[in-house]
Amino acid sequence: MLAGSKQKGKISQWDDDKGYGFIEPCLKGPRLFVHISDFSRKPRRPVAGDMVVYQPTQGPDGKHRATNVIFSALDKASAEPTTSKRKLSSLLCLGFVILFAIAVWLQKVPLPLAYCYLALSVLTFILYWHDKAAARRGSWRVRESTLLLFGLLGGWPGAVLA
């Protein structure tokens, strides 16, 4: 394995809490340590099984590690939702909002409940937006349990739109 040449591999182990894991090269060679800061672009958090392209190197301690890591083009489809999935999600969200607005207008749903839904959706949208921005920067993110809780409490339209 030549230091500096691009290699392909698969993340065999990833500890998201600690922000590091290991890559198994597609070609023969030792597994390499990888840290979240070694990713050049961070469209999302890595998970075990992701295919990546990287530059192998040796750290100051002499151990093998990966730098300039990016997600492989093979994983591009799983990295972001397809346009058709986004459209379907947006249409379902829009349909719910329209039906909910009609129910409020017909006085089948109390107005305070409508305000709660609106406030939770806006707050959830902001939380998801903040989380995505933090993911791109590689900084601390919003806990998944917090995101799911706000979505469950009624902010799911904001989560879908985010």
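**Entry 1: Val122**

Does Val122 count as buried, partly exposed or exposed? I looked this up and found that Val122 counts as partly exposed, because its relative accessibility is 45%. Here buried means under 20% relative accessible area, exposed means over 50%, and partly exposed lies in between (1.4 Å probe, protein chains only). I then placed Val122 in helix α3. Helices (H or I, at least four residues) and strands (E, at least two) are DSSP runs, numbered from the N terminus.

A note on the model before I go on. This is a predicted model, in which local features need pLDDT of at least 70 and side-chain atom pairs count only at pLDDT 80 or more, while totals for chains, interfaces and linings use all residues. Residues are numbered from 1 along each chain as its sequence is written, and side-chain values use heavy atoms, with hydrogens and water left out.

**Entry 2: salt bridges**

How many salt bridges are there? I get three, taking a salt bridge as a side-chain nitrogen of Lys or Arg within 4 Å of a carboxyl oxygen of Asp or Glu.

I began with Arg45 and Asp16, whose closest N and O atoms are 2.9 Å apart. This pair links distant parts of the chain: Arg45 is in the loop between β3 and β4, Asp16 is in the loop between β1 (7–15) and β2 (20–25), and they are 29 residues apart. Arg45 counts as buried because its relative accessibility is 17%, whereas Asp16, at 37%, counts as partly exposed.

Next I took Arg65 and Asp38, with the closest N and O atoms 2.7 Å apart. They too link distant parts of the chain, with Arg65 in strand β5 (residues 64–71) and Asp38 in the loop between β3 and β4, 27 residues apart. I have Arg65 down as partly exposed at 22% and Asp38 as buried at 11%.

Then I turned to Asp131 and Arg141, where the closest N and O atoms are 2.9 Å apart. Asp131 is in helix α3 and Arg141 is in the loop between α3 and α4 (144–161), 10 residues apart. Asp131 is buried, with a relative accessible area of 6%, while Arg141 is partly exposed at 32%.

**Entry 3: back to Arg45**

What is Arg45 in contact with, leaving aside its neighbours within four places in sequence? I noted Asp16, Gly19, Ile36, Asp50, Phe71 and Arg141, with contact meaning heavy atoms within 4.5 Å.

**Entry 4: Gly138**

Last, I checked Gly138, which sits in the loop between α3 and α4. Gly138 counts as partly exposed because its relative accessibility is 29%. I also looked at Gly138 and Ile98: their C-alpha atoms are separated by 37 Å, and the two residues are 40 residues apart along the chain.
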